Amino acid sequence: MDNEQLLYDISQLNELFRDSTSIQNLLDKTVAMVASHTNSDVCSVYLYNNDNHELVLRATRGLNPDSVGRVKLKLGQGLTGLALKELRPICEKDAIHNPNFKFFPGIFEERYECFLAVPIVRGIWKIGVLVLQRQKGRYFNDSDITALEAVTSQLANIIENARFLMAMHEPHGEEENIQTALSEQFKFIKGKAASEGFAYGPATVANKKKSLAILMSREFDHTYTLEDFHKAITKTADQLEELQEQVGRKLSDAASLIFSAHLVILKDKYFVGGVVNLIESGVNPPLAILQVATQYMGSFATSGNSYMQEKTQDIEDLIVRLMSNLLNEAEELGKFRNRIIITGELLPSDLLILSSEEAGGIVLIGGTVTSHLSILARSLRIPMIVSDTYELLGLPDNTPILVDAETGHAYVDPSDEILERFESQQKARLTLDEQKRSIQPVTTTRDGTRVHLFANINLLADAKVACELHCEGVGLYRTEFPFMIRNNFPNEAEQFTIYRELVQLMKGRPITFRTLDMGGDKTLSYYHDIKEQNPALGLRSIRFSLQNKPVFAEQIRAMLRAGAGEDLRIMFPMISSIDEFCQAREVVFECLDKLDKQNKEHNHKPKLGIMVELPCVVDLIDDFTKEADFFSIGTNDFIQFMLGVDRTNENVADAYLSHHPSVLRALKKLVQSANQNGKEISICGDMAHQEQYLPFLLGIGVRTLSMNPGYLLKIQKALSEIDLDEAKATAEKMLDQSKISDLAQILNLNRSND
Ligand code: PEP
Ligand code: MG
């Protein structure tokens with residue numbers, strides 16, 4: 001690279017712009033000049049907008065010229081955004097495989113693997129990024145970086161002036177136009193997978209607030225009667241009852257009372273009476289409904305009670321339904337069948353409705369996907385991704401969309417080529433019947449070591465599948481699901497019914513009931529009234545149960561009764577000390593005592609265990625083995641708390657590392673202690689179904705894994721290819737490492753698939 005000539009030429013660029021029309025010319029000349037002097041296939045300039053924190057491609061030599069003005073990156077997004085965010089050059093030999101690489105279809109960037117981005121800054125002001133790209137093998141080196149830094153510092157002044165002119169002269173609305181064009185152009189949506197699978201179908205944007213807002217601003221030419229109103233009430237109630245029944249048929253444990261708030265309002269004499277009074281005083285029924293609904297929603301929304309606030313959504317939902325029936329514009333039940341639902345808000349009850357209506361897939365926009373929402377979606381087998389592409393909420397209904405919830409991507413109006421690719425992948429996926437035919441009743445490694453595969457159960461529907469796939473028992477039954485989708489704590493009798501059904505489905509296999517694991521991101525709208533500053537560290541899990549002993553005891557009694565004559569295991573979540581375990585055990589003893597006295601049939605000797613989710617258990621593990629009957633490691637929370645990384649926060653997903661050396665060494669210590677002290681230990685967090693960790697887990701002595709039934713066959717197959725001695729050697733090698741990067745290499749991970 002001829003650095004001096006390049007710097008000289010750049011300095012001459014100042015001459016080039018005298019008015020706004022030559023600014024593009026200036027940038028075009030810059031990229032042409034730099035590309036040629038640096039022997040690069042691509043040179044691009046991105047400029048940064050401080051107001052919306054966005055980088056926009058403003059000139060390029062080498063990429064598709066149509067992408068100018070259309071490619072946009074947030075600060076920190078993609079390698080280019082990262083260079084500006086971290087104010088450092090980023091040099092990559094194989095950029096397209098870097099997890100930070102942002103793929104834009106149609107600009108042909110993927111042809112150039114060698115990548116160098118240098119931020120353009122002046123003082124504390126971020127101006128943009130200069131990017132060079134070359135084809136495979138033609139790497140950039142340190143002297144390229146130094147040269148480019150000199151160029152960007154000269155460019156900073158020139159571009160800053162040019163940008164000022166651009167801002168002054170660009171016609172208003174240009175940004176808008178670019179935005180619209182962008183939505184049309186960008187058909188590839190990158191998100192995060194929340195529930196695996198593929199789905200392809202027409203889009204439906206579900207937005208209750210928007211539908212209500214449209215109704216509120218609408219004129220009603222036709223005059224309706226009081227009779228029309230009463231008919232609409234009856235029709236709405238019938239529909240809701242039918243929906244309730246539909247959900248109930250599919251999900252007996254989860255369905256109860258989802259629409260109870262809707263039905264209560266429909267029967268409420270103040271609501272109905274209020275509307276009737278207005279109609280009788282001459283108000284057109286649609287306006288009367290909206291007027292009374294507004295009063296209701298106002299008082300719910302300002303009640304300061306989160307349960308009541310959540311109910312405003314029920315009213316919104318109900319009013320839209322009631323109005324559609326009055327106006328005779330009602331869509332029939334089943335309107336979501338095989339459709340891809342795009343929504344900005346999603347409650348567990350919404351998921352149940354979507355599942356019962358057989359929606360094809362879900363794209364949740366901008367929402368945080370609580371771990372339980374995604375666990376529920378998996379149990380319901382609805383592919384779901386979470387994305388922050390808000391433009392999708394403006395997507396016209398019926399636009400075809402393909403959700404690839406294996407990778408977290410979505411394709412709007414996908415080409416035939418993309419569809420064909422997914423169809424063949426879809427064919428390669430085994431159906432449940434095929435899985436049933438392939439799976440073996442007994443799981444062993446290549447050398448014949450026996451491994452026990454248990455199932456994690458969230459809904460009763462999972463249990464049936466798990467048995468058909470030869471699971472050896474339930475390693476984790478998340479009892480909070482029936483609590484989450486109700487309007488109040490289920491009582492002992494309701495819980496007993498659900499637990500007994502599970503016991504019967506499992507036909508004598510061991511069942512591990514986890515006591516209520518509420519709090520953190522798993523909230524109960526009817527309980528979590530007080531907002532906690534740090535819910536992840538707040539009144540949750542066993543702490544909640546111990547502070548609410550009557551609720552806890554009711555649950556324990558239901559478990560003891562349901563587990564009569566069975567291999568019943570009760571497991572306490574988030575245990576932090578032996579004292580806490582003893583307090584929880586005491587509650588079980590009290591329940592046993594009472595059931596004895598009441599002469600009620602129950603299990604007399606349940607095994608009592610703890611879920612290892614907190615790092616403070618590690619050093620006490622030997623002592624714990626003297627108290628608890630068994631252990632199960634919840635790696636999801638264990639990693640979260642060991643590393644201080646929120647498991648649901650996308651922004652820190654890169655720091656959530658199962659292969660952190662401290663995590664691995666802690667796991668080894670836990671497993672070794674339990675094995676030496678003759679206590680059962682299993683893994684029930686996501687690590688149990690991540691194939692790359694199987695050799696390590698086997699190598700440190702794990703012999704029981706519990707997972708979502710959908711993973712059983714895949715894990716059985718992977719285990720059958722592992723040799724125990726080799727696994728031990730791998731585990732030892734991994735335990736010797738102190739650096740995350742070295743472990744990533746051994747595991748052959750690029751960070752995106754961890
Ligand atoms: C875990 O923390 O690993 C676990 C299995 O529990 P949950 O995902 O329900 O928090
Ligand atoms: Mg957990």
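Me: If helices (H or I, at least four residues) and strands (E, at least two) are DSSP runs, numbered from the N terminus, which residue with a positive phi follows α3?

Reply: This is a predicted model, where local features need pLDDT of at least 70 and side-chain atom pairs count only at pLDDT 80 or more, while totals for chains, interfaces and linings use all residues. Residues are numbered from 1 along each chain as its sequence is written, chains are lettered from A and ligands numbered from 1 in the order in which they are written, and side-chain values use heavy atoms, with hydrogens and water left out. Helix α3 spans residues 78-85, and the residue after the helix, whose phi is positive at near 50 degrees, is L87.

Me: Why is helix α3 described as largely enclosed by the rest of the structure?

Reply: Buried means under 20% relative accessible area, exposed over 50%, and partly exposed in between (1.4 Å probe, protein chains only). The buried residues in α3 are G78, L79, T80, G81, L82, A83 and L84. Helix α3 is therefore largely enclosed by the rest of the structure, the count of buried residues being seven of the eight.

Me: How many residues of helix α12 are buried, and which residue just after α12 takes a positive phi?

Reply: The buried residues of α12 run through P348, S349, D350, L351, L352, I353, L354, S355 and S356. That is nine of the nine residues in 348-356, so the helix is largely enclosed by the rest of the structure. Just after α12, a positive phi of about 60 degrees is taken by E358.

Me: Is K507 buried or exposed, and what is the relative accessible area of D413?

Reply: Most residues other than glycine have a negative phi. K507, in the loop between α18 (492-506) and β18 (511-514), has a positive phi of about 45 degrees although it is not a glycine, and its 67% relative accessibility makes it exposed. D413, in the loop between β14 (409-412) and α14 (416-428), likewise has a positive phi of about 45 degrees without being a glycine. D413 counts as partly exposed, with a relative accessible area of 37%.

Me: Which side chain does R378 join in a polar contact?

Reply: R378 belongs to helix α13 (residues 371-379) and is buried, with a relative accessible area of 18%. A polar contact is a pair of N or O atoms within 3.5 Å; within protein, one must be able to donate a hydrogen and the other to accept it, and residues adjacent in sequence count only if both atoms are side-chain atoms. At 3.5 Å, the side chain that R378 joins is that of E196.

Me: Which helix gives the largest share of the shell around ligand 1?

Reply: Ligand 1 is surrounded by 15 residues (a heavy atom within 4 Å), the closest being R478, K522, G634, N636 and R647. Both β17 (474-478) and α23 (635-643) supply at least two residues of this shell. The largest share, three residues, comes from α23.

Me: How far is an oxygen atom of ligand 1 from an N or O atom in the side chain of R647?

Reply: An oxygen atom of the ligand lies 2.9 Å from a polar side-chain atom of R514, and an oxygen atom is also 3.0 Å from a polar backbone atom of D637. For the side chain of R647, the distance to a ligand oxygen atom is 2.7 Å.
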